[in-house]
Amino acid sequence: MIGWRRLALPAAAALIVGVAVAATRVAPFTSGSTAAPASEAERRVWSQADELNHIMERGNVAYADAPLAAYVQGVMDRLFPEFRGVIRVTLLKSPQLNAFAVADGHIYVNIGLLARFQNEAQLATVLAHEGTHFTHRHGYLGQQSLKDSAALATFGGMLGVPVLPQLIAATSMFGFSRELETEADQVGFQRLLQAAYDVREAPRVFEHLLREVQSEEIQEPYFFATHPKLKDRIDNMTRLSSRAVGGGDGNDRAAYARTVQQARLDNLENMLSMGRAKQALLMLEDAQHAAELPPHAPYYLGEAYRLRGQPGDLYRAEAAYRRAIEAAADFAPSHRALGMVLLKTNRHGEAATSFERYLALAPEAKDRKYVESYLRAAKQQGESR
Amino acid sequence: MLACLVASGCAPTPARVETPRIEALDKSYAVELPTGWIRQYTAEKNLIASRDGFLLQTIALVRRPLKEAFPRTKKVATTGMLPSELAELEIAELKLRGELTAALTVLENEPAALSGKEGFRVKVAYNNARGLEFNEVVYGVADESSMYRVTYRAPKLYYFDRYYPDFERAVQSFTLTKGKS
């Protein structure tokens, strides 16, 4: 697992430290044809993985974008050509910066991760890491290290978001041991080299993670207590990449931005709908990232300010909505959002104009009834002044 | 809430609804629930009711102080919020309930009155781990001190539509009172 999960209790770190025990090593799979459980215990882990895959399928959590899924699968196949058809990538709707591997070769990648990376080489770094968890049978080894721990039973209650028990069982999603994570970093790095990716991008993956942790104001160590710390991982990756011969590709930022553009927008909407304003601002206040988004993107910046709700944010939001309207006058949500700011700050005439513009641009809008009620209120209050 | 029910000893004994009108333990509201259903106060003093079992259909009435209105997002409700802003926070709260509700679909989101106050009505759909689709409707409103929700949740298959009219009658009967303790 490359990402992190917010733990509700600081005590989680201590518990996780306590569960790491030496696992019995098993030989890595050498190709897709050798990838099969070798013991009853490993078969059970694969069976749990299969159950998780069914839950994911039935839970309707996959991000439906066939061309994007094919693109990501293509990157995986380039990294692990001998496992083509065995390592299968599924994109998930979640905005969290996360990806995880299950024991049977399914790799789940959140669109939150895709959205925040800058190029294909960074994506490849994550896929190489997660693919290694599968080829080196870390799902099974991770279970071996956790199975006797009473702490496992308590994990579910320690997450900010409840997690299905099957997910814990099948993925060791609280992370593998420090040893296994380090192995996934190192072997994954070799995969990047073999596939001729620009390995200088690898450390930046962990820099994204670090910024995410800081934006959420999470104090280290928590989940990473059993792992190489993020800063150490950045240092390790930087050291590895500095020793590597230059060259490699996958660093075309513009091409990547075009490929993931819709996912980035969907991710922003999803993130904001979950109230994750600070995470959205991380991306939207990055001028280079913002420049890669469509002209109406300042609307999302405005929404993030409004939802963050710090002093002055309402006015920052208004300025952003106005920029969005200037750049893309026909993007309806900017008019509704501006109207709401104007209504709340008692500029009723302007608010009414904005709401009317919204309703004209989006006559079938799902929130039409709200906006019609706000329009009536703006007009009534405007007349009564 | 359901987990609390499952855990023994954390909630008062359930009782059958004999006379429809029921008051909140703190007297902050009154509501008419369908007769014959089973009702129960939770450890948090919220009122829940079901006909066939809480996994098959649940009506829940929840009051929370404005500052604790949205515990998962840790957002605060204020009296100055527009109904759509409250609805927006409610959807975020639902999405943060679990991994599967995180992928929920908002089917309807509209202004609605609860006890004569302007609020919202949100209807969402999501699948559980076995692929069964659930629908959930939340009415919400805020007054000077509290946020109130009246919620109905049931599997879409067979149960949701069948008992939705009972829920709507409960919503229409919901009355905020002045007797908060």
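Residues are numbered from 1 along each chain as its sequence is written, while chains are lettered from A and ligands numbered from 1 in the order in which they are written. Because the model is predicted, local features need pLDDT of at least 70 and side-chain atom pairs count only at pLDDT 80 or more, whereas totals for chains, interfaces and linings use all residues.

**View 1. Helix 2 of chain A and its buried side.** Helices (H or I, at least four residues) and strands (E, at least two) are DSSP runs, numbered from the N terminus. Helix 2 of chain A covers residues 40–58, and its 19 residues reach 27 Å from the first C-alpha to the last, close to the 27 Å expected at 1.5 Å a residue; the expected span is 1.5 Å times one less than the number of residues. Its buried residues are A:V45, A:Q48, A:A49, A:L52, A:I55 and A:M56. They cover an arc of only 115° around the axis, which puts them on the same side of helix 2 of chain A; the arc is that of the directions from the helix axis to the C-beta atoms. A residue is buried if 20 or more other C-beta atoms lie within 10 Å of its own, exposed if 12 or fewer, and partly exposed in between, with C-beta atoms placed from the backbone. Just after this helix, A:N60 takes a positive phi of about 60°.

**View 2. Helix 5 of chain A, an enclosed helix.** In helix 5 of chain A, 16 of the 16 residues are buried, so the helix is largely enclosed by the rest of the structure. Its residues, 120–135, should span 22 Å at 1.5 Å a residue, and the end C-alpha atoms are 21 Å apart, which agrees. A:R137, just after the helix, has a positive phi of about 60°.

**View 3. Helix 17 of chain A and its neighbours.** Twelve of the 13 residues of helix 17 (residues 332–344) of chain A are buried, among them A:H335, A:R336 and A:M340. These buried residues pack against helix 15 (298–308), helix 16 (313–327), helix 18 (348–361) and helix 19 of chain A; two residues are in contact if their C-beta atoms, placed from the backbone, lie within 7 Å.

**View 4. The open sheet of chain B.** Eight strands in the order 1-4-5-6-10-9-8-7 form this sheet of chain B, with antiparallel pairing. Strand 1 (15–16) and strand 7 (105–114) stand at the edges, each with a single partner strand, so one side of each is left without a neighbour in the sheet. Two strands pair if DSSP finds at least two bridges between them.

**View 5. Strand 6 of chain B between its partners.** Strand 6 (residues 58–65) pairs with strand 5 (residues 47–50) over three bridges, and B:A60 is the bridge partner of B:I48. Eight bridges join strand 6 to strand 10 of chain B, where B:R149 is the bridge partner of B:V62. Six of the eight residues of strand 6 are buried, so the strand is largely enclosed by the rest of the structure.

**View 6. The contact between chain A and chain B.** The contact takes 21 residues from chain A and 22 residues from chain B. On the side of chain A, helix 2 and helix 19 (368–384) give two or more residues, and helix 19 provides the largest share, four residues.
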